[in-house]
Amino acid sequence: MKLLKLLFRNSFRHPLRTVLTILGLAIAIMSFSVIRTAINAWYVGAEASSPNRLVTRNAVSLIFDMPLAYKERIANADGVTGISLAQWFGGIYVEPSNFFAQFAVEHDSYFDLYPEFLVPEDQMAAFMAERNAVLVGQKLADRFGWSVGDNVRLTGTIYPGDWDFVIRGIYTGKFETTDENTWFSRWDYLDERMRVETPGRAGRVGTYIIQIDDPSRAAEISQAVDAMFENSIAETLTETEEAFNLSFVAMGSQIVLGLQIVSAMVIGVVLLVLGNTMAMTARERVSEYAVMKSLGFQSYHLVGLIAGESMLIAIMGGALGLLISVPINGVLGVALSMMFPVVKMDALTFIMSAVISGGVGLIAAIFPTLKAVRTPIVEGLRIVD
Amino acid sequence: MPLLISYSLKNVRARRLTTSLTVLGMGLVVFVFCAAWMLSHGLSETLVATGYDENAIVIRRSSQTEVQSILYRDQAAIIKTDPGVAVGSDGTAQFANEILVLITQPKRGTTGTGASSNVPVRGVSELSFGLRPNMKLVEGRMWRPGTSEIIAGRKVANGFEGCGLGEQVRFGTRDWTVVGVFESDGSGFESELWGDVEQLMDAFGRPVYSSLTFKLADTSQFAAVKARLEDDPRLEIDIDREKQYYANQSRFTSIYITAVGVTVSLLFGLGAIVGAMITMYAAVAGRTREIGTMRALGFSRSSILFVFLVESLTISMMGGALGIVVAYFLRFVEVSTTNWDTFAEIAFSFEMSPMIAVIGIIFSLMMGLVGGFLPSVRAARLKIIDALRSR
């Protein structure tokens with residue numbers, strides 16, 4: 001207890017310097033937490049995926065689609081308990097910068113496969129009843145101020161022309177990681193119009209979502225599905241929903257890598273700020289340490305004093321940093337909602353921040369401690385600042 | 001004045017450890033700051049270099065990118081005969097029909113991890129090469145007409161499995177042999193596979209073009225050509241200068257990189273300012289008697305302020321220079337990532353520009369100024385008697 005008091009008194013002998021150091025550390029740890037959260041945003045899609053779902057797409061790439069006829073064949077495959085389909089719509093709402101994910105889905109099956117999208121019963125009934133009905137996520141509705149009953153017009157980038165929709169429901173997510181930034185329209189609305197305007201593009205499906213009841217058979221079922229369409233004009237690639245979502249992360253892997261490197265640099269910044277303060281402190285107290293040594297205090301006492309002070313400052317800085325990063329990450333989430341549906345802080349970020357603070361506190365103390373321990377008493381006493 | 005400056009510089013040197021820690025910290029911040037700008041600059045430079053000002057590109061109205069665009073043969077025929085299209089010495093229209101699709105291909109060196117990305121495959125006609133004079137075949141040969149042969153851009157050949165010279169890549173129910181590797185002065189085309197447009201349309205079962213590119217007969221008349229073709233009710237198309245079209249494709253990704261990079265470096269910058277403040281407060285505290293002596297000798301308060309500001313600015317300037325110099329060497333690092341505007345992989349390098357260096361220096365000086373101001377004010381406001389009396 002006495003030691004703690006001494007550490008605290010020592011730390012605040014130069015209150016301004018210590019406050020500044022804590023502030024510097026807090027800012028660095030906050031940056032770390034923000035960058036980590038930005039990295040995690042890439043992986044949330046994969047985390048939120050269910051082991052009971054497989055995704056089938058055209059093997060060449062996502063820009064190619066598959067015929068509707070595949071649906072029956074996949075549904076009859078062994079181990080498949082449910083199937084639905086989706087097509088990326090890619091419309092523009094007023095201007096291209098208002099980007100958000102839009103899927104045209106098979107209305108009567110899609111939400112059975114995605115129980116994590118919670119839609120009030122009456123709104124779901126309205127979605128079923130009308131071809132141009134749309135379900136949107138709560139966050140997306142908030143972003144554009146939409147409410148149930150609003151008419152929304154999108155301009156197609158893939159499917160030409162203007163498309164009029166009416167919002168019939170707003171869904172919420174069952175879990176924290178559930179995407180609430182997506183727009184679901186009805187596939188039959190899209191298909192009907194394609195049939196009239198460009199019959200060659202009707203009856204096409206971007207992805208099939210397959211439900212299986214035994215996740216351990218995922219690999220086997222995927223292979224069986226792909227084998228059915230081998231050597232056809234539209235060969236397929238079936239993978240678990242998680243692998244499908246991770247393939248998007250792989251596309252941005254170098255950006256993620258860059259962010260990871262930058263987040264590691266934070267450790268350098270923290271070390272420099274704290275190391276600087278501790279170096280100054282130790283320099284000023286050389287004679288004091290000599291006095292202590294001549295009074296009979298051992299080297300380990302000095303080690304405890306200096307390392308303890310360094311850790312105390314580091315931990316206060318880290319705690320403050322984590323505290324301010326919570327609201328900042330909230331702002332980040334809103335800013336990135338266009339690209340990433342879910343942005344949130346995870347427990348690992350907390351743990352890593354704490355470990356970094358403590359570790360840096362120790363490392364920053366090494367150099368001053370060595371100096372204090374190694375300086376002979378006589379020399380230490382001789383120094384007059 | 002020179003005396004004051006040399007006094008500041010000597011002080012910077014006298015306190016080596018603290019100074020170098022502060023310089024390192026600032027250098028790190030400026031490095032991150034410059035790296036973010038260089039990355040986004042590198043991407044847009046690559047894309048801007050892809051297009052030519054004297055070429056125009058046509059895609060379907062509001063389709064935004066070639067991949068999403070569909071143009072029919074009759075539309076192509078109408079545009080080809082427009083007087084805005086340049087005609088070569090042999091009487092042929094300088095006009096190319098192209099198709100652009102994406103194929104998902106594993107990246108090299110990631111075997112087993114399943115890391116793959118989208119490679120653009122461009123089906124081109126003979127005139128496509130004439131329209132991009134910087135295209136040159138550096139290895140192998142051109143494809144033979146009517147065969148499943150393709151050529152690969154340098155960066156695709158290096159970055160993706162099956163895309164190197166002599167290797168085979170499978171798509172559209174056929175195996176395609178890479179028979180040549182081309183370069184185009186580092187432009188975005190080097191991230192593409194090129195093949196014969198008719199062969200590729202056939203293989204993908206897609207009897208439509210993605211885009212039409214032509215040379216303008218009179219480049220100053222672009223606005224008139226644009227108005228005429230976009231107003232033609234038979235066409236329903238968007239037309240842009242090729243350079244502008246590619247420049248636009250860096251919008252999303254550039255903004256993302258710059259926004260994240262600048263936000264992070266501003267946060268880091270705050271940290272560095274605090275670091276500079278600690279250093280400068282310590283410098284002031286350590287020299288209280290000196291300051292008293294200087295004041296007693298007749299140096300004014302503003303001289304003291306000036307001395308400490310110069311010291312702080314010197315430290316930050318050194319940090320900034322260090323950061324910029326180290327960042328400069330990032331030019332040799334190549335980055336390959338998905339461009340979210342086109343959903344296709346593109347390879348590019350960090351690119352330094354004088355503008356970025358200047359912004360980096362200004363940024364570091366700002367940190368020095370802000371970090372050094374309060375400590376300098378404290379130094380200037382010390383009372384002579386108190387300062388001389390301090391131990």
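A salt bridge is a side-chain nitrogen of Lys or Arg within 4 Å of a carboxyl oxygen of Asp or Glu. Select E235(A) and R170(B) to begin: their side chains meet in such a bridge, at 3.5 Å from N to O. The count of salt bridges between chain A and chain B is 1.

The model is predicted, with local features needing pLDDT of at least 70 and side-chain atom pairs counting only at pLDDT 80 or more, while totals for chains, interfaces and linings use all residues. Residues are numbered from 1 along each chain as its sequence is written, chains are lettered from A and ligands numbered from 1 in the order in which they are written, and side-chain values use heavy atoms, with hydrogens and water left out.

**The interface**

Next, select both sides of the interface: 60 residues of chain A are in contact (heavy atoms within 4.5 Å) with 59 residues of chain B. The buried area, meaning the accessible area (1.4 Å probe) that two parts lose on being put together, summed over both, is about 4700 Å², and carbon and sulfur atoms give 71% of that.

Four elements of chain A, α2 (15-47), β8 (151-156), α9 (241-251) and α10 (253-284), each supply at least two residues of the side that touches chain B. The largest share, 17 residues, comes from α10(A).

**A surface patch on chain A**

Move to V291(A), L295(A), F297(A), I377(A), V378(A) and L381(A), which form a nonpolar patch on the surface with about 530 Å² of accessible area together. Patches of this kind join nonpolar side chains (Val, Leu, Ile, Met, Phe, Trp, Tyr) within 5 Å, from residues with over 30% relative accessible area and no salt bridge; the areas come from the Shrake-Rupley method with a 1.4 Å probe, and only the protein chains shown count as cover for residues. Helix α14 (residues 377-382) of chain A gives the most to this patch, 3 residues, whereas V291(A) is found in helix α11 (residues 286-294).

**Within each chain**

Select K71(A) and E106(A), a salt bridge whose closest N and O atoms are 2.7 Å apart. K71(A) lies in helix α3 (residues 70-75) and E106(A) in the loop between β5 (101-105) and α4 (107-113), so the pair ties together parts of chain A that are 35 residues apart in sequence.

Finish at L382(B), in the loop between α12 (354-381) and α13 (384-389) of chain B.

Technical notes:
Patches are made of residues with over 30% relative accessible area and no salt bridge: like charges are joined within 9 Å, nonpolar side chains (Val, Leu, Ile, Met, Phe, Trp, Tyr) within 5 Å.
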